[in-house]
Amino acid sequence: MLSTPPVDSLSHALRLSGVTFSYAQGFSIAIPDLHVAAGEQILLAGTSGSGKSTLLHLIAGLEDARSGEIEIHGTNFTALRGAARDTFRGRHLGMIFQTLNLLQGFSARENVMLALMLAGHSTLEQSTRADRVLAQLGITESHRLVETLSVGQQQRVAVARAVAGNPSLVLADEPTASLDPENARTAIALIQSAAKSAGAALIVTSHDPLLRSAFSRVIEVCEFTSKRVAT
Ligand code: ADP
Ligand code: MG
């Protein structure tokens, strides 16, 4: 069982300390110290191939750091393994992917319910929360199969799925990469307001300089990365 973290550490959604990671091909990440406050919203900026997705995967526990600690909502997430890590991820992290990754053949409600099930919510809680969050995001016909919804509506379902469980932290990897500038601004505003309503901190990655003005804190991923060039 997880012990209750000290109150002070709960003022941070995320803390990385002494984190190192590398791929065999020579790309590596080193983060001595990085804090994200509860509810804070950050843009993780960098060109394509600069390491944004890799860093998000480390934070989400989808890749293992070589060393260091990744603390989410006061818990050393890196120390959790297997089912404990999956359950913790389900409860404390929401993820939005560029390709949305919605389950085709399932309704908007079922897509959101599945995420809530993985986070350990009861069936009743799953369906009431799913309908409430979808309605807040403008999806009233939650019974419709996701593939029958417009791209904009599908994006709303993906946002609903990420915030429905009131996570500590939402990670959005290039959520606007396939959108034109106007739709990109709308999508970012939607993600930011949904994260705020859910009380979650937010890290958005993007290679697009136009998004910078929407964030009061911008982190350049290249501050933490290096690439060994083969000789
Ligand atoms: P970004 O998301 O900023 O485009 P990535 O994190 O996907 O960048 O990639 C960072 C670097 O790591 C790139 O050089 C990429 O080629 C390399 N890389 C990404 N995934 C893998 C992998 N699974 N195995 C080896 N190298 C990888
Ligand atoms: Mg990427």
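## Cores, sheet and salt bridges in a predicted model

Gln155 counts as buried, at 10% relative accessibility (buried means under 20% relative accessible area, exposed over 50% and partly exposed in between, with a 1.4 Å probe and protein chains only). This is a predicted model, in which local features need pLDDT of at least 70 and side-chain atom pairs count only at pLDDT 80 or more, while totals for chains, interfaces and linings use all residues. Residues are numbered from 1 along each chain as its sequence is written, chains are lettered from A and ligands numbered from 1 in the order in which they are written, and side-chain values use heavy atoms, with hydrogens and water left out.

**Around Gln155**

- Gln155 sits in helix α5 (helices are DSSP runs of H or I with at least four residues, strands are runs of E with at least two, and both are numbered from the N terminus).
- Leaving aside residues up to four places away in sequence, Gln155 touches Leu100, Pro175, Leu179 and Ala187 (contact means heavy atoms within 4.5 Å).

**Nonpolar cores**

- The largest nonpolar core has 36 residues, and Val112 and Val157 touch the most other members (such a core is a set of buried Ala, Val, Leu, Ile, Met, Phe, Trp, Tyr and Cys residues joined through side-chain atoms within 4.5 Å).
- Two or more residues of this core come from each of β3 (41-45), α3 (108-118), α4 (123-136), α5 (151-163), β7 (169-173), α6 (181-198) and β8 (201-206).
- Not counting residues up to four places away in sequence, Val112 is in contact with Ala130, Leu134, Val157, Ala160, Arg161 and Ala164.
- Another core, of 31 residues, lies apart from it, and its members include Leu16, Phe27, Leu169 and Ile219.

**The open sheet**

- Here 5 strands form an open sheet with antiparallel pairing, in the order β5-β4-β1-β2-β10 (two strands pair if DSSP finds at least two bridges between them).
- The edges belong to β5 (75-76) and β10 (225-227), each with a single partner strand, so one side of each is left without a neighbour in the sheet.
- Strand β4 (residues 67-72) runs antiparallel to β5 and is joined to it by 2 bridges, and Ile72 stands opposite Thr75 in β5.
- Lying across β1 (12-22), β2 (27-37) and β4 is helix α1 (residues 52-59), which runs at about 115 degrees to β1 (axes are lines fitted to C-alpha atoms, for helices over the stretch in contact, and angles run from 0 to 180 degrees between N-to-C directions).

**Salt bridges**

- There are 8 salt bridges in the structure (each is a side-chain nitrogen of Lys or Arg within 4 Å of a carboxyl oxygen of Asp or Glu).
- In one of them, the side chains of Arg89 and Asp86 meet at 2.9 Å, N to O. These two are 3 residues apart in helix α2 (residues 82-92), so about one helical turn separates them. Arg89 is buried at 13% relative accessibility, whereas Asp86 is partly exposed with a relative accessible area of 45%.
- Glu125 and Arg129 form a salt bridge too, at 2.7 Å from N to O. Both lie in helix α4, 4 residues apart, about one turn of the helix. Glu125 is partly exposed, at 29% relative accessible area, while Arg129 is buried at 13%.
- Glu220 pairs with Arg212 in a salt bridge whose closest N and O atoms are 3.0 Å apart. Glu220 is partly exposed at 25% relative accessibility, and Arg212 counts as partly exposed at 34%.
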